[in-house]
Amino acid sequence: MYIVERTLTFVRGFLMSYGPSNIKKALWDKEFSGTKWDFIDNTVGDCVYPPLEKYAQGGDILDLGCGPGNTANELSADAYRTYIGVDISEAALAKAVKRTADSGRAEKNSFVCSDFLGYTPTKEFDIILLRESMYHIPYGQVLEILEKYSKSLKKSGVFIVRLFAGDHRPGKIKHRVTRKLELIKREFDIVESRQYESPGLPTVLVFRPRSQS
């Protein structure tokens, strides 16, 4: 029974990350309609906020895989001009929209229901953020997706990736995650890279497309 449950959990997780968009949407909507992800609703003080404030410079942010609107409502309102959050889950975005109304940021924040792997921006941004959502990009598509979104960065714009490089067991490294980080470091110009020695090894990578000379 234990093996069956583990197999089902693996398959579900795989489909939520790498399955067809309609299946991903149905699974994520079901989870965000319940209480499973309520524990992430408050991330004030997260390590991603200082670099976001540093590089936004009162400009425009695109958040790919925005979930229930943490960044849109916890980031200092003075740090940015406009924010667009993209997520595949309508249930998650319903929470994000409510939080935005409650925080009085409806004029600054907007949201789009879409699988961010296939989303096409209509403007350029100072920051394109992938906060945990890098987990859901297959390794073989990382460069393709980043190159696609590079076209929507302003000349001085940056990508910011925030994720956990380990889990909460001391010394346990997520090798699939670190492979993606190393790939980015090889193929892009790194502006900042920082890993925090706290549970899960939270990691923030700031980078931009390599200049062509």
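Author: Let's start with Cys113: its sulfur is 9.4 Å from the closest cysteine sulfur, in Cys66, and that is too far for a bond. A disulfide, after all, is a pair of cysteine sulfur atoms within 2.5 Å. The structure holds zero disulfides, and Cys66 is in none, with the sulfur of Cys113 as its nearest cysteine sulfur. Keep in mind that this is a predicted model, where local features need pLDDT of at least 70 and side-chain atom pairs count only at pLDDT 80 or more, while totals for chains, interfaces and linings use all residues. Residues are numbered from 1 along each chain as its sequence is written, and side-chain values use heavy atoms, leaving out hydrogens and water.

How do the two cysteines sit? Cys66 is buried, at 7% relative accessibility, whereas Cys113 is partly exposed, at 36%. Here buried means under 20% relative accessible area, exposed means over 50%, and partly exposed lies in between (1.4 Å probe, protein chains only).

Now for Asp46, which you'll find in the loop between α2 (21-33) and α3 (49-56). Helices are DSSP runs of H or I with at least four residues, numbered from the N terminus. Asp46 counts as buried too, at 14% relative accessibility. Leaving aside residues up to four places away in sequence, Asp46 touches Arg131 and Arg162; contact means heavy atoms within 4.5 Å. Asp46 and Arg162 are 116 residues apart in sequence, yet their C-alpha atoms are 9.8 Å apart in space.

Lys25, Asp29, Phe32 and Ser33 of α2 meet Glu90, Ala91, Ala92 and Lys95 of α5. Sorted by class, that contact has three nonpolar, one polar and four charged residues. Ala, Val, Leu, Ile, Met, Phe, Trp, Tyr, Cys and Pro count as nonpolar, Asp, Glu, Lys and Arg as charged, and the others, Gly among them, as polar.

Technical notes: Helices (H or I, at least four residues) and strands (E, at least two) are DSSP runs, numbered from the N terminus.
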